[in-house]
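User: Got a model open here and I'd like to go through it with you. Can you take my questions as they come?

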Amino acid sequence: MLDNLILRRASIAEADKLGKLAFASWDSSMRHIISPESEEGIAAERAALELSFQLFCITASDAITVAEHDGELTGWGAREPMSDYISDLWVTPAHQRNGIGRALLSAVEQDIFRAGHDVAVLETHAENGGAIRFYAREGYGIVWRGVKFSRMLGQRVEKVRMEKQLVVTAH
């Protein structure tokens, strides 16, 4: 799968597709945390969340690394500018567990390191066991667990903060 994988910077013209990709990835593992009282409410919240992903991709396109396989967008990752914080890592459900997430994470970590940071930091939902296990396999450790307000979801959610040392320290 990784033979034909291309990692590159995103284009603002791809914001719609990238937002839909991120929403599909989020929806495949975390849809259960949306809990309005009606089907219409769930549909409205899901549409608002997808739009939030698309708007993020418009404003942050220069900080997004895209994974493309045989001309198809398969994932993307982003970091906050001038920061050690990885804000996003998304792989389409059909392409998960094929090394794309690992390749994207490595590319974003390299950007962080080149910017002068020796630690990469990220947060994920505390109930997202798949993501937590993935990051742990990639060398991240949990340094905090607590509740934070999610602007995208408009509610408080339990999160974990994870960190990874990007350089070897001398003892």
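User: What does T124 touch, not counting residues up to four places away in sequence?
Analyst: This is a predicted model, and in it T124 touches A131, I132, E158, K159 and V160.

User: Where is T124 found, and is it buried or exposed?
Analyst: T124 is found in strand β5. Its relative accessibility is 10%, so T124 counts as buried, the cut-off being under 20%.

User: OK, the sheet then. In what order do the strands come?
Analyst: The order is β1-β2-β3-β4-β5-β7-β6. That makes 7 strands in an open sheet with mixed pairing.

User: Which are the edge strands?
Analyst: β1 (5-9) and β6 (141-150), each of which pairs on one side only. As for the twist, it averages 30 degrees from one strand to the next.

User: How many bridges join β3 to β4?
Analyst: There are 5, and the two strands run antiparallel. For one example, A78 has D88 in β4 as its bridge partner.

User: Which strands does α3 touch when it packs on the sheet?
Analyst: α3 touches β1, β2 (64-69), β3, β4, β5 and β7. Its direction makes about 160 degrees with that of β4.

User: How many residues does α3 have, and how far does it reach?
Analyst: α3 has 15 residues and reaches 21 Å from its first C-alpha to its last. That is close to the 21 Å expected at 1.5 Å a residue.

User: Which residues of α3 are buried?
Analyst: I100, G101, A103, L104, L105, A107, V108, E109, D111 and I112. Note that E109 and D111 are on that list.

User: And what follows α3?
Analyst: G116, with a positive phi near 100 degrees.

User: Switching to the cores. Which residues have the most contacts inside the largest nonpolar core?
Analyst: I86, L105, Y135, Y140 and M162, in a core of 21 residues. The elements giving two or more residues to this core are β4, α3 (100-114), β5 (119-125), α4 (129-137) and β7 (155-165).

User: Which one gives the most?
Analyst: α3, with 6 residues.

User: What is Y140 in contact with, leaving aside its neighbours within four places in sequence?
Analyst: I86, L105, E109, A120, L122, Y135, M162, E163 and K164. There's also a second, separate core, with 18 residues, among them A15, L49, F53 and W90.

User: Aromatics next. How many aromatic pairs are there?
Analyst: The count comes to 5. In one of them, F53 and W90 sit 5.2 Å apart centre to centre with 80 degrees between the planes, an edge-to-face pair.

User: Which parts of the chain does that pair link?
Analyst: Distant ones: F53 is in helix α2 (residues 39-59) and W90 is in strand β4 (residues 85-91), 37 residues apart. Both F53 and W90 are buried.

User: Why is the Y135 and Y140 pair edge-to-face?
Analyst: Because the planes of Y135 and Y140 are at 65 degrees, and anything over 60 counts as edge-to-face. Their ring centres are 5.8 Å apart, which is within the 6.5 Å limit for a pair.

User: Are Y135 and Y140 buried or exposed?
Analyst: Y135 is buried, with a relative accessible area of 8%. Y140 counts as buried too, at 4% relative accessibility.

User: Which residues form one aromatic cluster?
Analyst: F134, Y135 and Y140.

Note on methods:
Residues numbered from 1 in each chain as written. Predicted model: local features only at pLDDT ≥ 70, side-chain atom pairs only at ≥ 80, totals over all residues. Heavy atoms only, no water. Phe/Tyr/Trp six-rings, centres within 6.5 Å; stacked < 30°, edge-to-face > 60°. Helix = DSSP H or I, 4+ residues; strand = E, 2+ residues; numbered from the N terminus. Buried < 20%, exposed > 50% of the residue type's maximum accessible area, 1.4 Å probe, protein only. Core = buried A, V, L, I, M, F, W, Y, C linked by side-chain atoms within 4.5 Å. Contact = heavy atoms within 4.5 Å. Pairing = 2+ DSSP bridges. Axes fitted to C-alpha atoms, helices over the stretch in contact; angles between N-to-C directions. Expected span 1.5 Å × (residues − 1).
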